[in-house]
Amino acid sequence: MQFFSEKKIYDFMRMRFGAISLSCVLILGSIYLLFDRGLQYGIDFSGGTLLQLKYENHAPIAQIREILSATGSFQNLSVSEFGNAQEVTIKFLGSDENLTSDIGQSVSDLLKDTGAFELRRVDVVGPKVGDELRNKGLMALGVSLLAILIYIALRFEWRFALAAIISEIHDVLITLGAICLFRIDVNLEILAAILTVLGYSLNDTIIIFDRIRDGMKKSKQTRLAPIINESVSATLSRTILTSGLTLATVVILYFFGGGAVEGFSLALMVGLFVGTFSSVFVASPSLLWFQFSVVAFRDKELEKLKRKQEKERQRAMYEKGSI
């Protein structure tokens with residue numbers, strides 16, 4: 001499906017300075033938020049308790065919050081709707097030593113006057129386990145970026161790899177800034193969203209890089225900027241279609257998926273939009289800043305072709321018994 005004519009070439013590189021200025025503002029704002037507010041870790045990474053209750057009627061969230069807050073036993077208490085008006089989740093980072101080891105029973109006793117309900121889930125994460133999960137999550141993010149760097153360097157060229165890594169770091173920083181701005185709890189679901197954004201952005205970037213490489217081989221242009229414009233214009237319909245459908249799905253998930261996936265879907269929404277933007281206006285222009293030479297690339301490709309033809313010639317001579 002083509003939304004844009006394949007013959008029409010849009011001058012994306014002319015817009016790169018304005019786009020990069022916008023990216024710089026967003027990145028600086030994200031860094032400010034990260035230092036000023038910091039990430040708000042959920043119980044997965046900080047340790048704590050999560051309880052899920054299902055009421056027969058509407059859950060009295062305000063009353064639940066008031067009763068639990070009045071005890072003074074729950075730190076960083078959070079009470080929110082879970083999927084529908086009858087179910088709620090209660091999260092807190094810890095409890096004092098006066099509570100019994102059965103947290104679920106203690107909370108049930110405190111809330112017995114709020115209506116008939118069923119305790120459906122109790123998850124408890126210790127602080128040491130939370131630290132371990134957080135460290136492993138950061139390690140997974142670092143390993144992902146390193147693997148991306150190696151893969152693109154082997155498949156394309158080291159300047160392509162650096163351009164892709166700059167684009168990925170751009171996406172992660174802005175997504176983290178949005179997480180800070182909207183006070184989203186950072187847990188395993190958010191980590192999964194960030195890794196999903198990395199994969200999505202990388203896929204989009206590689207498709208554009210493939211087109212650029214093919215363009216350098218086939219185009220009559222000797223300057224890189226026109227070749228990038230041709231390549232991005234050729235993939236524009238595919239990019240809009242893929243990004244639009246993916247974002248539509250995530251938006252539906254955000255509005256109708258309930259509180260359980262609200263943070264996950266919001267992080268994905270921001271990340272997918274930023275990832276699509278960076279593939280065009282960050283990764284591709286970076287090749288220009290690294291002074292990638294089309295002429296030098298074609299000379300290397302010609303040399304590779306000559307070596308391949310020479311090997312084939314020698315193999316043919318060997319099979320005929322000439323050597």
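Q: Which exposed residues does the face of H1 turned away from its buried side carry?
A: This is a predicted model. A residue counts as exposed when its relative accessible area is over 50%. On the face of H1 turned away from the buried side, the exposed residues are Phe 17, Val 25, Leu 28, Tyr 32 and Phe 35.

Q: How wide an arc do the buried residues of H1 cover around the axis?
A: The buried residues of H1 are Arg 16, Ala 19, Ile 20, Ser 23, Ile 27, Ser 30 and Leu 33. What covers them includes helix H6 (158-181) and helix H10 (262-289). They lie on the same side of H1 because the arc they cover is only 145 degrees.

Q: How far apart are the end C-alpha atoms of helix H1?
A: Helix H1 takes in residues 16-36, which is 21 residues. At 1.5 Å a residue, the helix should therefore span 30 Å. The distance between its end C-alpha atoms agrees, at 30 Å.

Q: Which residue in S4 is the bridge partner of Phe 82?
A: S3 and strand S4 (residues 84-92) run antiparallel and are joined by five bridges. In S4, the partner of Phe 82 is Asn 84.

Note on methods. Residues numbered from 1 in each chain as written. Predicted model: local features only at pLDDT ≥ 70, side-chain atom pairs only at ≥ 80, totals over all residues. Heavy atoms only, no water. Pairing = 2+ DSSP bridges. Helix = DSSP H or I, 4+ residues; strand = E, 2+ residues; numbered from the N terminus. Expected span 1.5 Å × (residues − 1). Buried < 20%, exposed > 50% of the residue type's maximum accessible area, 1.4 Å probe, protein only. Arc of directions from axis to C-beta. Contact = heavy atoms within 4.5 Å.
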